[in-house]
Amino acid sequence: MPKYAMAVDLERCQGCRACVEACKVENNTSQGVFWMHVFRLEEGEYPETRISFLPRPCQHCDNAPCVKVCPVGARYKRIDGLVLTDYERCIGCRYCEVACPYGVNFFNWKQPAENYYMDWSDPDIQPASGGEVPPYRNPELDGRYGSEQKQVAGGGHFRGIVEKCTFCVQRIEKGLQPACVTVCPVQALVFGDLEDQESPVSTYLRGKQSFRLLEETGTEPRVHYIGGRTPGTDVREIEPVEGRVGA
Amino acid sequence: MSANAPGTPLPQGIGRITPGWLTIVGLAAVAVALGIYAYSLEASEGLVATGLRDLGTMGGATWGLYVTFVVYFGGVAFGGVTLAALIRLLRLDELRPIGRLGQLLTVVALLLAAIAILVDLGQPLRGLVNLFLYARPQSPFFGTFTIVLSGYLFASLVYLYLDGRRDAAICARTPSRLRWLYRLWAAGYGDSPGERARHRRASFWLAVAIVPLLVVATSTLGFVFGLQAGRPGWYSAVQAPAFVTLAGVSGVGLLIVLAAVVRRVAGSEDRLGLNVFRRLGGLLLGLVLVYLFLLATELFTATYTGEVVERRLTEALLWGEFAGIFWAALAFFLLSLALLLWQALTRRWSIPLLVVAGLLVNLAAIGKRYLIVVPSQTHGQLLPYPEGSYTPALGEFAVIAGLFGLGVLLIALFMKVFPIVELPEEEVPAGA
Amino acid sequence: MRNVLTVLMVVVGFALQAISYFALAAPWVTTGVASGEPRVVGAPVLFIAGVVLVFLAAVVYELLPEKRGR
Ligand code: SF4
Ligand code: SF4
C-alpha cells in the first residue's frame, strides 16, 4: 500500500497562490472555500520585517482529530493515508471543523447551485453567454473512489455537509499528481509515496531538515515542510483571504 | 378523603382553564410559532441564514448559539433528574414535593436539547437516520451524547411515570374528563402497603441507576470540548467537573424559579413551603461555591501559563470582545452568591430573593456556556489566521426563544392534566 | 416470576449495551483505517434498546403481578 505524503519547500514558495486557484478549478469548490490556502505572513517591526509564505492544504493527519470526533464515521482515513469525507454520510454537525487545529474544513452554507462565483442564469450575463451554461463541472468529481467506493471527490455537492482538501483523490487514483502540485511554477510542492524510496517526496525529503505544523497537538501530519520554520508567535497575515459567505 | 366526594374538583387547578394560564400559553405559542418560522427560513436557505461561518479563512465560528443551548439544556436536564433521584436515595422527604417538577424539567429539557441539536445540523434528516445506524462511541458529543440523550429521555419518562401512579390513582377517584388517563396511568395501583413498598424499592433502584450514568453523560458533554487538544481554551481536565457542577447550578436554579411559579399558580403554598426553598437555596449555595472555585482555578491556569494563543484568548475574554458577557456572568454569579450567603447567614430565607438568585445563575450559566463554545473558535486558531467574529443572527435568537416557548408550553399543559406537586400522603384507603 | 423477569430484563439490557458498545466500534482503536467505520451498522439502536430494556424492567417490576398478586 502506498503511503501518500506531501512536501512543501518554504524556500521556494513565492506566495503566488497559483495552487489555490488550481485547487478551486480542479475541485469546483464553492464561494469562500479554500481547500488550499497560502498564508502571506509578516513578522517583526518596520524596518526589520520579514515576509514569509506558508501553503496550507489539509494535513491528512495520521492521528486525525477530525476522524476521531466524527459521530457517524463520515470522516475516515484510508489505508493509503488520505483523510476523506463520505459526502453521503456526513450529517453536517461540523464537529470535525472545530476539532481540526489547522482550520481546513469548510461547510456548505448554501444550496450548491447558489454558491458559485458566477450565476449563469443571471439575466445580465445572458447577452454575453447566449444562454449557454458551460460544462464546468468535472464528471470525475461525481465518481466513487477507493475500495470503499464512496463519493469523496470534489466540492459543493450537497448543502449542509463539510468538505475539505482530498489530495485530489480523483487524480491520484489515475496516477496523476494533485492539481496544486502540478501547477506550482517553482515546484515548491512535492507529492508522492513515502514507502517508495524513489518517489519524488522520498527523494526530496531525504537528508533535509523538515518540520510539521503544530506537531505539539499530536496529530501526526502527512505534510512535511522544508526550509523556513514554524510561524512564530507574532506573525501577522497580510492580504488575508476575505471569503465570508454572504447571506 | 375529600377527593372522594363527588363534586370536589381535582387538586391544584387541574382541568380549569384560567385567563392567566391562557395568557402564558398564548405567549409561549407565539414564541414557538416564531421559532418555527425562523427555522423554516433556515431550512430552505441553509445555515447561511445564521450568523455561523467557517473557522479559518472565513473568520467565523461554526458552533454558536445552538450548541450553547444544547449544552445549557443538557445541564438543566441533569440537574432536574439528579435532584429527583437524590431525594429518593438520601431520603430527603422534605424535598419530595418538588421531585416531580425535577423529573418533568428533565424530560422537557432533554427534548429541547435534542431539538437544538437537530436544528444545528446541516442535514438533520440524515442525522436522524445516520446517528442510529453509524454512531460511534469515540465521538464524545453527537455520537455518545445523542444515544445517552435518548436513553435518558426514556429513563426519566419511566421515573416520572412510576412516581406518578399513586397520584393518578387518587385523581381517578374523582369523575372527570381525564379519568381514563388517570386510570391508564395508575394501571390498577391501589396504594396498598405492599404496593407502596414495591414502589419504594423500584424507585430506589431507578435512582441508583440514574445518578451515576447521568454524571457520566454530563461529563461526556464536558469532554466534547475538554478533549480537543487543537483548541486553546477547551483542552482542560477541569472541563468535565466544571460542566457537571455548572449543570447542577443551572438545574437547581431553574427548579427554584419553577417551584416558586408553581407554588403560586397551583395553589400549593402549604406543600411547597419555605422549608423546601431553604433546602434548595442551601444546595444552590454549595454548588455555586464549588463552581466559582473551579472557575478560579481555570482562570488562574489560563492567565498564568505563557502559551501565546491561550493568553490571547484569555485577553479577549477579560478585556476584549467577550468582556461584556464574561464580567456580566461573573457579576451574576457573585451577586447570587451574595444573596444566598446573606440568606444563609441571617437564616432568613425569602422566596423572591431565591428566585432572583435562581434567575441570575441561569443567565450566568448561559453566558458561561457561550463563552466556552465561541471564543475558542474565533480567537483560538493556532495558525496565523486573522481574528474571527460571530454575531448570532436574529433567526437564531428566534429559534432559541421558540425552544423556551415550547418548554413553557409543555410544562403548562402538564400542569393542567396532572398534579405537578406530589399529593400529600394519606391513610391507606380501606376499600382498595 | 416477577423478580425473575425483572432481573432477566436488567441483565439482558446491560448485556445488550455492553455487546453493542463493542459492536459500535473498537474503542481502543483510535487511529488507523478502522476507526472511521462503525463495526456493525445499526448497533446504536441495539444500545438504545438495551437502555430501554433496563429501565422498562422497573415498570415490569411494579406493574406485573396485579392479577395474580393476592
Ligand atoms: S488537517 Fe484537519 S481536516 Fe486534515 S486530517 Fe488533519 S485534522 Fe483532519
Ligand atoms: S460534519 Fe460530517 S464529516 Fe464532519 S464530523 Fe460531522 S458528520 Fe463527520
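The model is predicted: local features need pLDDT of at least 70, side-chain atom pairs count only at pLDDT 80 or more, and totals for chains, interfaces and linings use all residues. Residues are numbered from 1 along each chain as its sequence is written, chains are lettered from A and ligands numbered from 1 in the order in which they are written, and side-chain values use heavy atoms, with hydrogens and water left out.

**Overall build**

- Chain A has seven helices and eleven strands, where helices (H or I, at least four residues) and strands (E, at least two) are DSSP runs numbered from the N terminus.
- The C-alpha atoms of chain A fill a box of roughly 55 × 50 × 35 Å along the principal axes.
- A compact globule of 247 residues would have a radius of gyration near 18 Å, and the 19 Å of chain A agrees with that; the radius is taken over C-alpha atoms, and the globule rule is 2.2 Å times the number of residues to the power 0.38.
- Chain B holds 14 helices and zero strands.
- With a radius of gyration of 23 Å, close to the 22 Å from the globule rule for 432 residues, chain B is as compact as a globular protein of that length.
- The C-alpha trace of chain B spans about 80 × 55 × 40 Å along its principal axes.

**Ligand shells in chain A**

- Around ligand 1 there are 14 residues, and A:Cys58, A:Gln59, A:Cys61, A:Cys66 and A:Cys100 come nearest; a residue is near a molecule or strand if one of its heavy atoms lies within 4 Å of it.
- The shell around ligand 1 has nine nonpolar, three polar and two charged residues, with Ala, Val, Leu, Ile, Met, Phe, Trp, Tyr, Cys and Pro counted as nonpolar, Asp, Glu, Lys and Arg as charged, and the others, Gly among them, as polar.
- Around ligand 2 there are 13 residues, of which A:Cys70, A:Cys90, A:Cys93, A:Arg94 and A:Cys96 come nearest.
- By class, the shell around ligand 2 has nine nonpolar, two polar and two charged residues.

**Backbone details in chain A**

- Most residues other than glycine have a negative phi, and most peptide bonds are trans.
- The peptide bond from A:Tyr46 to A:Pro47 is cis, with omega near 5°, and A:Pro47 sits in the loop between strand E2 (37-43) and strand E3 (50-56) of chain A.
- A:His60, a residue other than glycine, has a positive phi near 45°, and its place is in the loop between E3 and helix H2 (65-69) of chain A.

**Helix packing in chain B**

- Helix H2 (residues 65-89) and helix H3 (residues 99-120) of chain B pack at about 160° with their axes 7 Å apart; axes are lines fitted to C-alpha atoms, for helices over the stretch in contact, and angles run from 0 to 180 degrees between N-to-C directions.
- H2(B) and H3(B) are therefore roughly antiparallel, given that angles under 35 degrees count as roughly parallel, over 145 as roughly antiparallel, 65 to 115 as roughly perpendicular and the rest as oblique.
- The contact of H2(B) with H3(B) has 17 nonpolar, six polar and one charged residues, contact meaning heavy atoms within 4.5 Å.
- H2(B) also packs with H8(B), at an angle of about 70° and with axes 7 Å apart, which makes H2(B) roughly perpendicular to H8(B).
- Among the residues in that contact are B:Tyr72 and B:Phe78 of H2(B) and B:Phe243 and B:Leu254 of H8(B).
- By class, the contact of H2(B) with H8(B) has ten nonpolar, five polar and no charged residues.
- Helix H7 (residues 193-226) and helix H8 (residues 239-265) of chain B have axes that come within 8 Å and cross at roughly 125°, so H7(B) and H8(B) are oblique to each other.
- The contact of H7(B) with H8(B) has eight nonpolar, five polar and no charged residues.
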